Structure formats: structure tokens, C-alpha cells
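User: I would like to check the labels used for this model. Please set each value against its cut-off.

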Amino acid sequence: TTLLRFLRARNSDVVLAAKMFREALDWRAEFEVDRKLKEFREEWAEGTSERVKMLRQYEYVRYCGLDRAGLPVYLHQMMQGDPLGIAREIGEEPVLLYLIRIFEEQTAAMRAQFLKTGRIVPGCIDIFDTGNP
């Protein structure tokens with residue numbers, strides 16, 4: 001399903017999708033996503049650092065379950081959290097790691113649904129609640 005996402009993102013152009021995939025892998029290696037995310041997950045589980053406390057206080061992305069077709073559904077309550085404001089307070093990297101953690105959870109949920117049903121899960125549903133202006 002990962003390669004399908006890259007093909008869809010590049011309108012089924014295999015050359016462009018392969019280039020985009022390599023660039024994504026290079027970025028993950030340069031940013032050390034796996035190491036940093038492992039450390040962030042441990043910090044998140046412990047829940048005592050100031051940055052995790054702030055992210056939890058203003059946590060704005062929630063997993064809601066599966067829709068009727070089996071797609072994972074996430075609610076982004078943008079009025080509850082201000083990613084730019086949080087980044088000003090605790091730095092951009094913790095916010096980025098928070099979002100990467102969520103995206104990886106989405107991917108894991110899609111993979112689990114595929115393994116359960118044997119059907120390719122084409123994506124997930126993200127609902128953005130921007131609140132009342």
C-alpha cells in the first residue's frame with residue numbers, strides 16, 4: 001500500500017513515483033526518523049516532559065474508528081490546537097514528531113485493516129474541524 005500511495009501521488013507515473021519514494025526514504029534517513037520517533041514514543045508514554053505535557057494539553061488529532069468501508073477515520077480539531085503556536089513554545093521538531101507519529105499510526109491502521117480483510121485500504125479519512133470563526 002505504501003508504493004500505491006506514491007503512485008497515486010504522481011498520477012501513476014512510475015518514474016516520478018520512484019523518485020518521490022527515494023526522496024522520502026532519503027529524508028527519513030537524514031532526519032533520523034526511526035531513532036527520533038522511537039525516543040519520542042518513549043517520551044510520550046512517560047508523559048512527564050514539558051513538551052509532551054503541552055502536546056497532550058492541546059492534542060487535536062484523534063482516531064475515531066473505522067467507517068462502513070473499513071477506512072480509518074481521524075478527526076483534526078484545529079481550533080483545539082494551534083500547531084504553529086505550539087511550535088513557537090516547544091520547537092518545531094516535537095510538533096513534527098507528533099504528526100509523524102500520527103501518520104505512522106494511520107499507516108499501521110490501514111495495514112491492519114488490509115491484513116484483516118485481505119482488501120487494499122486505499123487511504124484513510126481525515127476530518128478537519130476548523131470550528132466557528
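User: Where is Glu-32 placed?

Analyst: Glu-32 sits in the loop between H2 and H3. Helices here are DSSP runs of H or I with at least four residues, strands are E runs of at least two, and both are numbered from the N terminus. Two notes on the source. This is a predicted model: local features need pLDDT of at least 70, side-chain atom pairs count only at pLDDT 80 or more, and totals for chains, interfaces and linings use all residues. Residues are numbered from 1 along each chain as its sequence is written, and side-chain values use heavy atoms, without hydrogens and water.

User: Why is Glu-32 called partly exposed?

Analyst: Its relative accessibility is 38%. Buried means under 20% relative accessible area, exposed means over 50%, and partly exposed is in between, with a 1.4 Å probe and protein chains only. Glu-32 therefore counts as partly exposed.

User: What is the phi of Glu-32?

Analyst: Phi of Glu-32 is near 60°, a positive value in a residue other than glycine. Most residues other than glycine have a negative phi. Ser-12 also has a positive phi, about 65°, and is not a glycine.

User: Where is Ser-12, and why is it called exposed?

Analyst: Ser-12 lies in the loop between H1 and H2. Its relative accessibility is 57%, so Ser-12 counts as exposed.

User: Which elements does the chain contain?

Analyst: The chain has six helices and three strands. From the N terminus, their order is α-α-α-α-β-β-α-α-β. Of the 133 residues, 31% are buried.

User: What makes the contact of Glu-39 and Arg-35 a salt bridge?

Analyst: The closest N and O atoms of Glu-39 and Arg-35 are 3.0 Å apart. A salt bridge needs a side-chain nitrogen of Lys or Arg within 4 Å of a carboxyl oxygen of Asp or Glu, so the pair qualifies. Glu-39 and Arg-35 are four residues apart in helix H3, so about one helical turn separates them. Both ends are partly exposed: Glu-39 at 41% and Arg-35 at 38%.

User: How many residues separate Glu-50 and Lys-53 in helix H4?

Analyst: Three, about one turn of helix H4 (residues 50-57). Glu-50 is exposed at 59%, while Lys-53 is partly exposed at 41%.

User: How many salt bridges are there, and which residues form a network?

Analyst: The search of the whole structure gives 13 salt bridges. Arg-28, Asp-34, Arg-41 and Glu-104 are linked in a network of them.

User: What makes up the nonpolar surface patch?

Analyst: Leu-4, Phe-114, Leu-115 and Ile-120 form a patch of about 360 Å². Patch residues have over 30% relative accessible area and no salt bridge; nonpolar side chains (Val, Leu, Ile, Met, Phe, Trp, Tyr) are joined within 5 Å, like charges within 9 Å. Accessible areas come from the Shrake-Rupley method with a 1.4 Å probe; for residues, only the protein chains shown count as cover. Phe-114, in helix H6, has a relative accessible area of 31%. That value is over 30%, so Phe-114 passes the area cut-off.

User: What is the volume of the largest pocket, and which residues are closest to its centre?

Analyst: The volume is about 740 Å³. Of the 23 lining residues, Arg-5, Phe-6, Arg-28, Phe-103 and Thr-107 are closest to the centre. On a 1 Å grid over the protein atoms alone, a pocket is an open set of points with protein on both sides within 12 Å along at least five of seven lines; a cavity is a set where a 1.4 Å probe fits but cannot get out, and lining residues have an atom within 4 Å of a point. Points are joined across faces, edges and corners, and the volume is the space filled by probe spheres set on them.

User: Which helix gives the most to that lining?

Analyst: H6, with nine residues. Helices H1 (2-9), H2 (14-31) and H6 (92-117) each supply at least two. The lining holds 14 nonpolar, four polar and five charged residues. Here Ala, Val, Leu, Ile, Met, Phe, Trp, Tyr, Cys and Pro count as nonpolar, Asp, Glu, Lys and Arg as charged, and the others, Gly among them, as polar.
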